[in-house]
Each structure stands twice: as structure tokens, then as C-alpha cells.
Amino acid sequence: MTDVRNSAGSTPIPPDDDNFERDLQEMLEDGPSLNEVTSNVQGGTPNSVSATFAEKVGPFSAGTSAPGTLSTSGSGGIYGSGSAGSRLTRSYTVPPATSNVPLSSSGNSGSHSAGNSPNGDFIPKSVSLSAQSKIETIKEWSVNTFKTTKQFISERFGKGSRTVDLEMETSIEALRDTQRKYANILRLARAMSSHFYNVVQTQKALGEGFSDLAQKSPELQEEFIYNCETQRTLVKNGEILLGALNFFISSVNTLCHKTMEDTLLTVKNYETARLEYDAYRSDFESLETGPREAATQVKLQDAKRKFEEHKVKFDRLRSDVQIKLKFLDENRIKVMHKQLLLFHNAISAYFSGNASALEATLKQFNIQLKRPNAEKPSWIES
């Protein structure tokens, strides 16, 4: 047997290994090119290998075990000890070029429209109409918020122009001032009612004390009875006055915190619409004075459309504010005329000691007192 050495001249190469390298080189030369293998993989045809490549691979895959593993036989290690048929055995079985996961399908699964394949892979699909609507709403809200914030800041720094209605703003400021003053009167009337309620409760306890002492002190019985009757009369008249005060407080509270607040809510919406109107007006004017190009024309038309929409909204809310301010002023005068007359007559009658006038005041304004031990009226009477 002739020894064959490598290029370094130190290690002998077995003849069988030399034959193996030569056969391997021929196999690679006769095998498919890289473009052919790539086309086979993209085409999705598993195990598509050329016939020449299969013939070269055949002798080497005769004694394979698992695909992709290196097999050894006997005690000779990786080198054979016999004929050419006992060369190094390897597995050249080509795995499938494609997997079983489809990249796209037109099956009947309902989840495909949602963007998911049956195997859980995300596949971009068309977004549903509701989701598109939400996205458009969020986008429109973001743009509108940005424009109004920019307009607000520019107005604060005196750089932006704003629409001013002097008559409207004067009426709005007068309404806010009126609400503050009515709220102050309401606070004082509640404090007076609370203090007077404590006075009435003290008078009631004092009258009960006089009555108890009248029974236990025969020598002062007559004097205690006089004082007891006086305190009871004061308690009765005080409860009538408390009823009038509570009616006054309830009416002023409704006027101040409900009627006026409803008008001020419309005023708030009007001011927001005014800010949006000025923001889109400034945007439209800046585009209108800019260069007239093809891309600018589209933006100009869109800005003009939005400007007109906000102008209609602004005019509508301004008309609503004017109407509400007018009706609020008429309602305020009517309500306060009645309540101020009630307050004056009740206070005057009580502190002058005119019990009949005090009771007549309650009848005049249809005020029903809530007695502590009175039974609730039946549903037929109510």
C-alpha cells in the first residue's frame, strides 16, 4: 500500500479517504446550482433534487441512521477497513424545502378577516369599519386639539387674532358677576337659617324646662306657665319663619346653581366653538395667502370646508347664548321679585310679633310647613 501525504508532508492520508474526497468533489460539481435550489425552495416542492445529485448521494446514504447525523461502523472509527463500499457513511437526506404553515390562504376560517391565520401567524388584513371610524375620530380629535391649543396660546401671548363680540362678552361677564353675588346671598341666607334653627331649638328646650318647673314649683307655677306659653308661641312663629327662609333658599339655589349654571354651560360651549372657529379661520387665511400650488389647493379646499363647518357651529351657539341670556334675565327678575317679597314680609311679621300676618304670608306664597309629627299625605291627595 502506497502512503499518500498531505501538503505539510507530515501526516499520511489513507487511500480510502483520498477516494472519498475525490468522489465528494465530483458530487458537488454535478449537483444542482444555488439558483436551482433556491427556486425549488421558493416553489414549495419538497425533496426536489436532481437525478445526478441523487445518484451521487446514494452510495453514501446506504447505512445512514437519522437524517443529518454522522454514522460510524466497526472499530475502525471514521475510516473504513474494507472495500470501497465500507466508506464513511453520512446522511444527505434533504429536509422538506417548505413547512406546512401556509403564508396565505382563502379558506373559510372566520378569523382570517381579523388578521390571523389558523396557525396563529399574523396576516395584515383590512381593518373593520368600526375600527376605522374610531381611528378617524381620534385623528380628528388630535388635530382639532392641536389647532385650538395653538390658537389659545397665541391669543394669550397677543400674537393671534380672535373674534370679539363686545355686547355678548359684556352680557356673559354680567351673568358671571350676578351668579357670584347670588351665591353670596345664598350662603348668608343659609347661615341665618342655621342660626335661627338653633334659636328655635333653644326656645323649645327652654319652654319644656319652664313647663317642668311649673309642675314642681306651686309657688311660681303661674309665672313659669306664662314663660312656657311665650316660648311655645315663639317656637311656632319661628318654625313658620324657618319655612319661609327655607323656601327662599331653595328658590335662590335653583336659580343660581341650576338655571344660571345651565346658561353658563352653553356659554362654555360657545367659547370653545369660538376658539375652534378662530383656529380654523387662521389656518384658512394662512393657506389662502400662501403660494397657489397643486398640493396647496387640496389643503386649501379642505381648510375652507372645515372653516365653514366651524363657522356654522359658532353662529348656532352664539344664537343659543343670546336666547338663553334673554330668557334667564326675564326668569331671574320674576323669581327674585316673588322671593324678595316673601323674605321681607316674613321677617317683618315675625320680628313685629304679628303672627296673623306671618301665617298670611305663607298662605300667600302657598308654602306648606312640614310638621315633625305630621303623617304623610296619601297618594290620592298627592
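Phenylalanine 152 is partly exposed at 39% relative accessible area (partly exposed sits between buried, under 20%, and exposed, over 50%, using a 1.4 Å probe and protein chains only). Phenylalanine 152 sits in helix α4, residues 129–156 (helices are DSSP runs of H or I with at least four residues, strands are runs of E with at least two, and numbering starts at the N terminus). Together with Ile153 and Phe157, Phe152 makes a nonpolar surface patch of about 330 Å². Patch members have over 30% relative accessible area and no salt bridge; nonpolar side chains (Val, Leu, Ile, Met, Phe, Trp, Tyr) are joined within 5 Å, and like charges within 9 Å.

A word on the model itself: this is a predicted model, where local features need pLDDT of at least 70 and side-chain atom pairs count only at pLDDT 80 or more, while totals for chains, interfaces and linings use all residues. Residues are numbered from 1 along each chain as its sequence is written, and side-chain values use heavy atoms, with hydrogens and water left out.

## The overall layout

The protein chain has eight helices and four strands, and they run in the order β-β-α-α-α-β-β-α-α-α-α-α. Out of 382 residues, 24% count as buried. The accessible surface is about 26300 Å², with 55% of that belonging to carbon and sulfur atoms (Shrake-Rupley method with a 1.4 Å probe; for residues, only the protein chains shown count as cover).

Take the contacts with a separation of 6 or more: 70% of them are between residues 24 or more positions apart (a contact means heavy atoms within 4.5 Å).

The largest nonpolar core has 27 residues, and Ile172, Tyr270 and Val321 touch the most other members. α5 (166–216), α6 (221–288) and α7 (294–351) each put in at least two residues, with α6 giving the largest share, twelve residues. A core here is a set of buried Ala, Val, Leu, Ile, Met, Phe, Trp, Tyr and Cys residues joined through side-chain atoms within 4.5 Å.

A second, separate core of 17 residues includes Leu245, Tyr350, Leu358 and Phe365. Back in the α6 helix, there is also glutamine 231, which counts as buried at 12% relative accessibility. Leaving out residues up to four places away in sequence, glutamine 231 touches Gln203, Leu206, Gly207 and Phe210.

## Rings that pair up

The structure holds eight aromatic pairs. Rings of Phe, Tyr and Trp (its six-membered ring) pair if their centres lie within 6.5 Å; planes under 30 degrees apart are stacked, over 60 edge-to-face, and the rest tilted. One of the pairs is phenylalanine 196 with tyrosine 350, edge-to-face at 5.2 Å centre to centre and 85 degrees between the planes. Phenylalanine 196 is in α5 and tyrosine 350 in α7, 154 residues apart, and both are buried.

Tyrosine 270 and phenylalanine 314 are stacked instead, at 5.6 Å centre to centre with 20 degrees between the planes. Tyrosine 270 lies in α6 and phenylalanine 314 in α7, so this pair ties together parts that are 44 residues apart in sequence. Tyrosine 270 is buried at 5% relative accessible area, and phenylalanine 314 counts as buried at 3%. Ring pairs link Tyr270, Tyr277, Phe284, Phe307 and Phe314 into a cluster.

## Charged partners

Side chains of opposite charge can pair when their charged atoms come close. The structure holds 19 salt bridges (a side-chain nitrogen of Lys or Arg within 4 Å of a carboxyl oxygen of Asp or Glu). Glutamate 276 and lysine 313 meet in one of them, at 3.6 Å, N to O. Glutamate 276 lies in α6 and lysine 313 in α7, so the pair ties together parts that are 37 residues apart in sequence. Glutamate 276 is buried at 9% relative accessible area, while lysine 313 is partly exposed at 34%.

Other bridges sit within a single helix. Arginine 332 and aspartate 329 meet at 2.7 Å, N to O, and both lie in α7, three residues apart, about one turn of the helix. Lysine 216 and aspartate 212 pair at 3.6 Å, N to O; they are four residues apart in α5, about one helical turn. Glu173, Asp177, Arg180 and Lys181 are linked in a network of salt bridges.

Asparagine 366 has a positive phi of about 55 degrees although it is not a glycine. Asparagine 366 sits in the segment after α8 (355–364) and is exposed, with a relative accessible area of 63%.
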